[in-house]
Amino acid sequence: MKDVNLDEFHWLLEIVQSMDVGIIVIDRDYRVEVWNGFIEHHSGHKPSEVTGQSLFALFPEIDRDWFVRKVESVALLGIPAFTIWEQRPYLLRFNGYQPLTGREPYMYQNTTFLPLTDSHGVVAHIALIIYDVTRVAVNSQQLRQANGELQRLSRTDRLTGLLNRGYWEECLAIEFSRFQRYQHPVTLIIFDIDHFKRINDTHGHQAGDAVIRQVAEITRQQVRGTDVCGRYGGEEFVVLLPDTPADGALLLAERLRRSVEQCVVEHGGVEIRFTISLGVAALTLDCGSHAALIEQADSALYRSKEGGRNRCTLHDNSLPKH
Amino acid sequence: MDELAVLVCDDSLMARKQLIRAFPEGWPISLRQASNGLECLKTLRAEPADLLFLDLTMPEMDGYQVLEALHRLNIDVPTIVVSGDVQDAALDRVMALGALDFLHKPVDPEELCASLRRHGFYLKPQASVLTPRLDGGPVSLRDAFRELTNVAMGRAGALLGRVLGVFVELPVPNVNMLEAGELHMALADARNGQQVTAICQGYIGEGIAGEALLLFHDSDLNDITGLLGREVSSDEERLEVLLDLASILIGACLKGLFEQWSGQLAIGHPVLLGQGEAIEELIRDSVRWKRTLAVEISYSLEGLRTHFDLLLLFTEDSLPRLAEKISYLMGDEA
């Protein structure tokens with residue numbers, strides 16, 4: 001080798017040694033041949049101390065079966081393989097090293113498994129290239145969290161924690177189109193608090209809010225995980241029941257009615273008792289839209305009110321439409 | 001010695017040119033061409049040939065079907081298959097269908113010569129004879145690129161077949177100049193209204209850059225993990241299977257492509273797209289180019305419904321360099 005090439009070779013080595021990317025070269029028996037400064041700094045071992053040692057002994061956190069499968073396929077096919085932090089947070093567990101700005105207990109890593117061919121074209125070594133992507137990972141997780149929180153906020157009613165009207169109607173629309181396809185029974189319960197204005201006028205708005213919260217809480221306790229509860233208006237609530245025929249929905253409606261009737265809300269030393277009126281409607285193929293189902297349940301609710309409140313009414317599909 | 005009647009059948013003008021250019025010197029032949037299987041049969045029925053060079057992956061009627069038809073129609077013509085499909089099973093199948101030999105694309109002149117000698121079609125150059133060369137006009141960038149892709153995807157398909165232990169059916173790749181608006185449509189098309197997961201990898205080599213997008217239909221995932229014989233229970237494990245397949249398909253295809261012009265390339269880390277969201281929506285806002293080269297390859301696994309759609313999208317800036325590489329590959333003819 002000429003001198004000038006030797007110079008270049010030294011530069012190259014120095015660059016590889018000091019770059020902020022980890023490089024480990026292993027042979028086909030998973031023994032370390034060499035690693036660069038990045039790995040030396042984070043592992044605390046000089047390359048001269050580890051040459052010839054098993055990678056698995058040096059880094060017991062590596063899942064051996066997985067790693068062997070990955071490396072063997074890289075060697076067999078002669079094509080690089082990758083890991084990304086979303087799927088595997090790290091290959092080598094390096095503890096966080098930035099006490100001021102670091103928030104993570106360990107370094108997130110993206111890695112490349114690069115096949116190295118010898119002069120005969122045989123893959124005799126594998127280079128593991130390790131990128132520190134902690135900052136990217138943290139930012140992206142924070143963003144996802146924030147988006148998730150925003151989505152949650154945009155879907156829930158602040159006072160009750162139930163779904164708000166907009167999002168609940170989206171759910172109903174989806175259930176409606178699913179019904180068109182599969183015709184699984186779907187029912188809807190709509191109810192409101194009887195004489196709510198009187199509660200507000202007598203005990204104040206905060207008492208009214210407490211009553212609304214209590215009704216929401218009772219609803220949450222009574223329904224199944226698959227039922228979709230929402231606050232439809234001021235004192236009006238809705239429960240969408242997928243895979244539930246009308247008789248099942250009526251049972252739930254009656255249970256709700258009784259639970260509310262029996263509960264007492266205490267506000268400012270005063271015990272407040274109240275009742276709800278409910279309307280139930282089952283989705284049929286005659287329903288032209290999801291709004292039609294709401295109308296049917298609403299008209300059943302109207303009849304509960306007319307019939308003296310604190311009762312459930314099932315919408316009768318044989319009745320002419322309003 | 002009489003002239004040997006040779007018929008070359010391939011849908012790509014570039015492939016025919018490459019093959020004919022590899023013909024040995026001083027070979028006394030008369031040359032005919034066909035650009036798909038149907039045309040090949042028609043030509044042979046009109047006038048028999050002494051030797052047929054046959055591609056496998058063709059529109060209208062592929063090479064396997066031609067071999068079957070020749071047998072059925074009692075047309076006896078010695079056939080050398082020339083294909084980018086490097087799966088062992090492809091070799092076994094064409095030999096079982098009566099082919100004489102199987103050469104891999106791009107054809108190596110020495111290998112071709114050895115095969116011709118072995119089967120007695122060529123002994124030594126005849127001084128007074130000029131091997132006929134093709135004059136089919138210039139090859140379009142699209143045709144040339146389709147042929148390069150054909151060879152590259154054959155290599156990727158063979159690796160995939162080896163890993164999954166199945167025969168991979170190779171399609172005719174779709175190579176198109178795509179307007180930005182059409183990308184959206186192409187993606188929606190590939191998605192076919194189903195849930196997909198997509199893995200994206202950027203690549204760059206000698207100023208030729210782009211992104212590869214591999215689409216998996218979520219409903220196919222069980223088939224794939226079943227073939228791999230892997231226990232897959234968590235999302236992370238499922239993702240890992242997809243990443244492994246993506247590095248094989250994308251890595252091998254790009255390597256096969258760049259190797260043909262002896263180019264080096266670097267492939268970036270995979271990026272996961274979609275996961276429930278419509279990918280075309282994700283991409284819609286990010287398109288800054290007007291018109292670029294897009295390659296679509298749809299691999300199918302024999303006997304399964306499973307298929308993978310691979311899309312290679314080159315940057316607009318890469319096109320002049322690509323054209324340069326291709327014209328270099330084609331020598332003076334392009």
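Helices here are DSSP runs of H or I at least four residues long, numbered from the N terminus. By that rule, B:Glu237 is found in helix α9 of chain B. The model is predicted.

Start with B:Glu237 itself. Is B:Glu237 buried or partly exposed? A residue is buried if 20 or more other C-beta atoms lie within 10 Å of its own, and exposed if 12 or fewer do. B:Glu237 has 15 C-beta neighbours inside 10 Å, so B:Glu237 counts as partly exposed. B:Val196 is 41 residues away along the chain. The C-alpha atoms of B:Glu237 and B:Val196 are separated by 17 Å.

Helix α9 of chain B covers residues 235–260. On the side of chain B that touches chain A, this helix gives the most, with 10 residues. The contact as a whole takes 15 residues from chain B and nine residues from chain A. What classes of residue make up the side of chain B? Eight are nonpolar, three are polar and four are charged.

Helix α9 of chain B also packs within its own chain. Two packed helices are described by the angle between their axes and the distance between the axes. For α9(B), the partner is helix α6 of chain B, residues 141–164. The angle is about 145°, and the axes lie 8 Å apart. The crossing of α6(B) and α9(B) is right-handed. From α6(B), the contact includes B:Leu148, B:Val151, B:Ala152, B:Leu159 and B:Val163. From α9(B), it includes B:Ile248, B:Leu249, B:Ala252, B:Cys253 and B:Leu257. By class, the contact of α6(B) with α9(B) has 13 nonpolar, three polar and one charged residues. B:Arg155 is among the residues of α6(B) that meet α9(B).

Now step back to chain B as a whole. Chain B has 11 helices and 13 strands. Its C-alpha trace spans about 70 × 40 × 30 Å along the principal axes. How does the radius of gyration of chain B agree with that of a compact globule? With 334 residues, such a globule would have a radius near 20 Å, and chain B has 21 Å, which agrees. Buried residues make up 40% of the 334 residues in chain B. Take the contacts in chain B between residues at least 6 apart in sequence: 73% of them join residues at least 24 apart.

B:Ile208 gives an example of a buried position. Its place is in strand β9 of chain B, residues 208–217. B:Ile208 has 22 other C-beta atoms within 10 Å, and is therefore buried. Which residues does B:Ile208 contact, leaving aside its neighbours within four places in sequence? They are B:Phe314, B:Ser318, B:Arg321 and B:Leu322. B:Pro320 is 112 residues from B:Ile208 along the chain, yet their C-alpha atoms are separated by 9.1 Å.

Strands of a sheet pair through backbone hydrogen bonds, either parallel or antiparallel. In chain A, five strands form an open sheet in the order β2-β1-β5-β4-β3, with antiparallel pairing. The edge strands are β2 (32–35) and β3 (81–83) of chain A, and each pairs on one side only. Neighbouring strands of this sheet are turned by 20° against each other on average, direction ignored.

Inside the sheet, nine bridges join strand β4 (residues 109–117) of chain A to strand β5 (residues 123–132) of chain A. A:Pro115 has A:Ile126 in β5(A) as its bridge partner. Helix α5 (residues 64–77) of chain A packs on the sheet, touching β3, β4 and β5 of chain A. The direction of helix α5 of chain A makes about 40° with that of β4(A).

Methods
Residues numbered from 1 in each chain as written. Chains lettered and ligands numbered in written order. Predicted model: local features only at pLDDT ≥ 70, side-chain atom pairs only at ≥ 80, totals over all residues. Contact = placed C-beta atoms within 7 Å. Helix = DSSP H or I, 4+ residues; strand = E, 2+ residues; numbered from the N terminus. Nonpolar A, V, L, I, M, F, W, Y, C, P; charged D, E, K, R; others polar. Rg over C-alpha atoms; globule rule 2.2 N^0.38 Å. Axes fitted to C-alpha atoms, helices over the stretch in contact; angles between N-to-C directions. Left-handed = near helix turned anticlockwise from the far one by under 90°. Pairing = 2+ DSSP bridges.
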